[in-house]
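Please read this briefing alongside the sequence and the structure shown below. The points are grouped by topic.

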Amino acid sequence: MELQNNYVVDTAQTFSWILYTIGLMGIFKKCNVRRVWAFIPFAREYHLGLCANRESDARTYARFSVIGYVIYFINVFVDEKSNAYFLVLIVYIAFEIAAMVYLVRITIGLCEVFGRKKSWAALWFFFEWVTALIFGYNKKFVPQRTVVRIKDGVVVSGARADAVDDGLTVNINSRTIIDLFKKKYLLKDIHLSIPKGHMVLLLGGSGAGKTTFLNAVTGYEKADANILLDNHDIYGEYEKLKYDIGFVPQQDLMRSNDTVYLTLHDAASLRLPSSVSYRAKKKRVNEVLEEFGLGAIRNSLVEKLSGGQRKRLSIAMEFISDPSLFILDEPDSGLDGVVARGLFEKLRSIADSGKIVVVITHTPDRVIDLFDDVVVLAKDSSRCGRLAYYGSIEDSYKFFGKNSMEEILLSINQKEEGGEGLADVYIERYAQLISKEKEVG
Ligand SMILES: Nc1ncnc2c1ncn2[C@@H]1O[C@H](COP(=O)(O)OP(=O)(O)OP(=O)(O)O)[C@@H](O)[C@H]1O
């Protein structure tokens with residue numbers, strides 16, 4: 001009977017160890033810690049401490065528990081009836097209690113990082129594996145900061161962007177590919193939130209990862225990321241949200257022998273739900289024609305349009321479904337200064353109507369007064385696309401100590417591209433800046 005009871009206890013203990021390990025793996029993934037640490041005693045609690053932003057508590061905890069176990073092990077060889085046995089036992093219990101106090105501190109830190117009440121720490125104490133599974137796998141449990149790791153000499157901020165109710169929240173941990181059996185990072189550690197009504201410039205040299213970033217944001221090529229639009233998960237609710245994102249590619253996708261009206265009409269059929277009536281679709285097409293100044297040329301063939309008119313039509317096609325996020329890849333390519341300015345003024349008015357507009361352009365300085373913010377992407381020393389800056393245009397000049405976007409671009413471009421090769425410097429400076437802001441916040 002006793003043997004059977006022991007068996008039940010052992011099995012229950014093994015199960016709870018396995019479930020706790022699985023829970024820790026989920027937490028480590030969320031916090032940018034290697035999941036393998038979840039299997040290693042002591043080291044796993046230390047890494048849990050890193051997730052909890054309590055590194056020194058974690059170190060003390062690990063030391064006390066190791067000493068405690070060593071003492072326990074020594075006691076196995078001591079005669080149970082001797083005074084020495086009781087003395088060593090008391091020392092062991094003292095270390096265990098001290099370790100426990102630090103473990104409680106770590107779990108309180110974890111509650112803070114995950115934005116939960118401290119009472120959750122009590123749950124950790126009594127129902128360890130259940131709580132670990134909740135923190136690790138419940139999507140509502142999101143850490144407000146992830147663990148800073150130093151790789152390839154360039155600091156990772158790990159500072160998650162807070163979700164904005166009205167706007168776009170981007171938390172990209174990484175975007176990787178397998179190249180010759182080796183994992184290659186295309187993007188890493190990009191965290192930002194863009195409120196509605198903002199027009200944002202996406203700046204970066206050739207190969208910095210602008211297109212990869214936009215593909216990750218729109219869900220076209222998924223990354224290890226959490227992307228929220230008005231607090232809805234773009235990856236999780238892609239089918240529902242895909243028409244809420246308008247993407248205008250550099251190359252216009254339209255048939256040259258269709259009329260402007262037909263082109264928009266086809267776009268309406270594709271982009272509006274089938275529940276929208278024919279009359280309502282027609283009405284929407286006419287509204288958009290007027291909105292983009294295309295009414296007078298509604299019967300012209302696409303091939304006869306000027307560069308500026310084609311681009312307006314291209315944008316109008318995306319505008320049909322009234323998306324709240326508008327992304328444009330070099331909309332001004334090939335357009336002269338006056339026409340380009342007119343186009344950007346239109347984009348500004350779209351942003352002013354409560355949308356988010358994100359634009360890549362290689363000639364930003366001529367229209368920079370129309371933008372609110374800039375996202376600067378740069379290739380770090382391991383050739384991975386990193387965030388070198390995100391913030392207002394005014395503050396970006398101060399941050400880089402430059403007077404124009406062209407100068408900023410030159411400072412982060414590599415020397416062989418004719419730049420100053422300072423990408424790593426600014427990536428680190430920005431990572432430290434936002435980590436500090438997060439701590440103060
Ligand atoms: N699917 C992929 N497989 C392999 N490498 C890729 C893939 N997608 C992007 N890359 C690489 O990632 C890097 C960034 O590419 P990306 O097209 O995002 O840069 P970009 O900033 O848009 O450049 P440009 O301004 O020149 O268009 C490049 O080195 C590119 O070769």
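Asp 189 is buried, because 28 other C-beta atoms lie within 10 Å and 20 or more is the cut-off for that class. The structure discussed here is a predicted model, so the points that follow describe a prediction. Asp 189 belongs to strand β4, which covers residues 182–195.

- Asp 322 is found in the loop between α11 (307–319) and β9 (325–329), whereas Asp 189 is placed in strand β4.

**The packing of helices α2 and α3**

- Helix α2, made up of residues 43–51, packs with helix α3, made up of residues 55–75, at an angle of about 165°, and their axes are 7 Å apart.
- Because angles over 145 degrees count as roughly antiparallel, α2 is roughly antiparallel to α3.
- The crossing of these two helices, α2 and α3, is right-handed.
- On the α2 side the contact is formed by Glu 45, Tyr 46, Gly 49 and Leu 50, which meet Glu 55, Asp 57, Ala 58, Arg 59, Tyr 61 and Ala 62 of α3.
- Sorted by class, the residues of the contact of α2 with α3 comprise five nonpolar, one polar and four charged.

**The surroundings of the ligand**

- The residues that surround the ligand are Ile 177, Leu 186, Gly 204, Ser 206, Gly 207, Ala 208, Gly 209, Lys 210, Thr 211, Thr 212 and Gly 385.
- Helix α7, which spans residues 210–218, gives the most to this shell around the ligand, contributing three residues.
- The shell around the ligand divides by class into three nonpolar residues, seven polar residues and one charged residue.

- Glu 428 is located in helix α15, which runs over residues 423–440.
- Glu 428 and Leu 387 are separated by 41 residues in sequence, while the distance between them in space is 9.4 Å, C-alpha to C-alpha.

Notes:
Residues numbered from 1 in each chain as written. Predicted model: local features only at pLDDT ≥ 70, side-chain atom pairs only at ≥ 80, totals over all residues. Axes fitted to C-alpha atoms, helices over the stretch in contact; angles between N-to-C directions. Helix = DSSP H or I, 4+ residues; strand = E, 2+ residues; numbered from the N terminus. Parallel < 35°, antiparallel > 145°, perpendicular 65-115°, else oblique. Left-handed = near helix turned anticlockwise from the far one by under 90°. Contact = placed C-beta atoms within 7 Å. Nonpolar A, V, L, I, M, F, W, Y, C, P; charged D, E, K, R; others polar. Buried ≥ 20, exposed ≤ 12 C-beta atoms within 10 Å, placed from the backbone. Near = placed C-beta within 6 Å.
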